[in-house]
Amino acid sequence: MKTGERRYIRSQSSPGAAFALLVLILNFFLLTSFDAYAEQDVRGKAESLLKDATALFEEGSTDKAIGLAGEAVKADPGYSESYDRLGYMLLKAGKNDEAINAFEAALKINPQHRTSKTGKGLALLQKGDATGAEVVLKDALLLNPYPSMTHYALGLVYEKMNNYEQAVLQFKEGIRTFKSGKR
Amino acid sequence: MRHNLEKVKTFAMQAVLAVVGAVIIFFASTATARALLQMGAPAPEFSLKDLDGKDVNPAQFSANKGVVVLFWATWSSNSPKALRKFEAFYRKYKERGIQVIGINADNQAISSGDLEKVKKLAQELDITFPLLLDKGLKTFHDFSIIALPSTIVISEGKISYELAGLPLVGTEDMFDFLLALAGDPPRKKPEPEYMPRHDAIADAGLARGFVKKKRYGTAYPLFRKAIEKDPRFILAYVELARLCETEGKNAEAEDVLKKALLAAPENVVAQSELGYLMTKAGRLKDAIDLLDKAAKVDSYPPSHYYLAYAFGVSGQLKEALNAFDQAVSLNPYEPEIYLLRAEVYEKNNMLKESSADYRKALELILKIKG
């Protein structure tokens, strides 16, 4: 085939191909937009449920809060924040193993989730596993750019171990990081 | 052994439960510095629930000549006395334009047990003015309260009087002020009242905003401008000194406070802050003399814990702990008390006690509640 012929064929087939391409792009655009909207809708629902759950939790209705946070998890299983908050609520209810599962689920989605590691450490401490808690909380300190609360938790671990020298160091570090703005 | 293990487990459980309920609210570290130096400043706005769940705010009483806000707690030994005094005053002067509001500060998180105690005391004392509940102690912090009980008088939207604790002389002066506000002749001739210049208050307010945003360079000249406009405006000196201290310029901070004392030699806030800086610089004898003088006036609670700290640093542990206890009984929500006591314990190698106090300070700073 000569170059001129090729050019002719291309120009001949061009309106149909362009149309097909346009339809394809439109379809893609519509589908991805729909997906994005659906995703946003799902995330929005989870966020709203989580907001209500947090309000209930702060009022002291822990069981109801756990129920709603569980619904938030179901509404958007890819949202790590729901698992994290659910973990803290379960922790308050004394359901340590369930809390650990929730924190681990949050960390699976977002390994950098800065409060989930601290939550897991607290759950281990509450279970009586101070050594396990120490390891997890030290790891959390590496992840956490706002470490005051993690230092506080680690201080609790050392108090439990009767290691007051280390406890003092951790609490002081918590205060220092808070004052320097690394809350 | 088993008993000990259970005890340890219970402690861990309580501590963890406390952190689970943590709510972190950032608050200004200069709250203590502002205390007792707020006259003329706009009163912070608030709206709180009374014991029946109704919302109450001072704006409801804007037609009044003055609104007295009494911060109190059931555990504070002087609070029932203060409530009684204000109830008697309220019954006599409510028709003359003086409104009294009591704000309870029993706890950061008010439990049903706390609420019962508040209601019981209100009933016992037959309190008829509104008693409000300060959830999270936000209003307590907004007003820079440093002791319980504490009284703030608001007139025309501004703070016109403030009193920490219930000192003998100070309380009489405050009631004289209230009598004059209600239109009665005071029991003794009042001293001419000093009110800072408005433009100086505005400059200091702006500077405070920049401090909060950590724009220290912009804050310095504004504080200095406030002082230039009103050399008797001690708050500007104290906040400027705090800023210098934050940036490690302790000698400069001392100079600022010395200038404040030249303008107002008997000002206990400036005396106390200077005494604290002198303690940190190791000039313990001078510091203790100055702080002792300020603490005897008994109108600025930090003077007690600064004095306690100075005693502690100079090796007088027993005196230090007594003075710290007194400071805690006035305001158990002040993290600085626990921080300084922790440091004293640490110096004395009492690490268990030191750890408990650092923990308590951090809990208060992070607003950790159970």
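This is a predicted model: local features need pLDDT of at least 70, side-chain atom pairs count only at pLDDT 80 or more; totals for chains, interfaces and linings use all residues.
**View 1. Helices α5(A) and α7(A) pack against each other in chain A.** Helix α5 covers residues 114–127, and helix α7 covers residues 148–160. Their axes lie 10 Å apart, at an angle of about 20 degrees. Angles under 35 degrees count as roughly parallel, so α5(A) and α7(A) are roughly parallel to each other. Their crossing is left-handed. From α5(A), the contact uses T118(A), L122(A) and L125(A). From α7(A), T150(A), A153(A), L156(A), V157(A) and K160(A) take part. By class, this contact has five nonpolar, two polar and one charged residues.

**View 2. Helix α3(B) spans residues 79–93 of chain B.** At 1.5 Å a residue, its 15 residues should span 21 Å. The end C-alpha atoms are 20 Å apart, which agrees. Buried residues of α3(B) are S79(B), P80(B), A82(B), L83(B), F86(B), E87(B), F89(B), Y90(B) and Y93(B). In chain B, the buried residues of α3(B) pack against strands β3 (66–72), β4 (98–104), β5 (131–133) and β6 (150–155). They also pack against helices α4 (112–124) and α6 (168–182) of chain B.

**View 3. Helices α14(B) and α15(B) pack against each other in chain B.** Helix α14 runs over residues 317–330, and helix α15 over residues 335–347. The angle is about 165 degrees, with the axes 11 Å apart. Angles over 145 degrees count as roughly antiparallel, so α14(B) is roughly antiparallel to α15(B). The crossing of α14(B) and α15(B) is left-handed. On α14(B), the contact residues are L317(B), L321(B), F324(B), D325(B), A327(B) and V328(B). On α15(B), they are I337(B), Y338(B), L340(B), R341(B), V344(B) and Y345(B). The contact of α14(B) with α15(B) has ten nonpolar, no polar and two charged residues.

Methods:
Residues are numbered from 1 along each chain as its sequence is written. Chains are lettered from A and ligands numbered from 1 in the order in which they are written. Side-chain values use heavy atoms; hydrogens and water are left out. Axes are lines fitted to C-alpha atoms, for helices over the stretch in contact, and angles run from 0 to 180 degrees between N-to-C directions. Helices (H or I, at least four residues) and strands (E, at least two) are DSSP runs, numbered from the N terminus. Angles under 35 degrees count as roughly parallel, over 145 as roughly antiparallel, 65 to 115 as roughly perpendicular and the rest as oblique. A crossing is left-handed if the near helix is turned anticlockwise from the far one by less than a right angle, and right-handed if clockwise. Contact means heavy atoms within 4.5 Å. Ala, Val, Leu, Ile, Met, Phe, Trp, Tyr, Cys and Pro count as nonpolar, Asp, Glu, Lys and Arg as charged, and the others, Gly among them, as polar. The expected span of a helix is 1.5 Å times one less than its number of residues. Buried means under 20% relative accessible area, exposed over 50%, partly exposed in between (1.4 Å probe, protein chains only).
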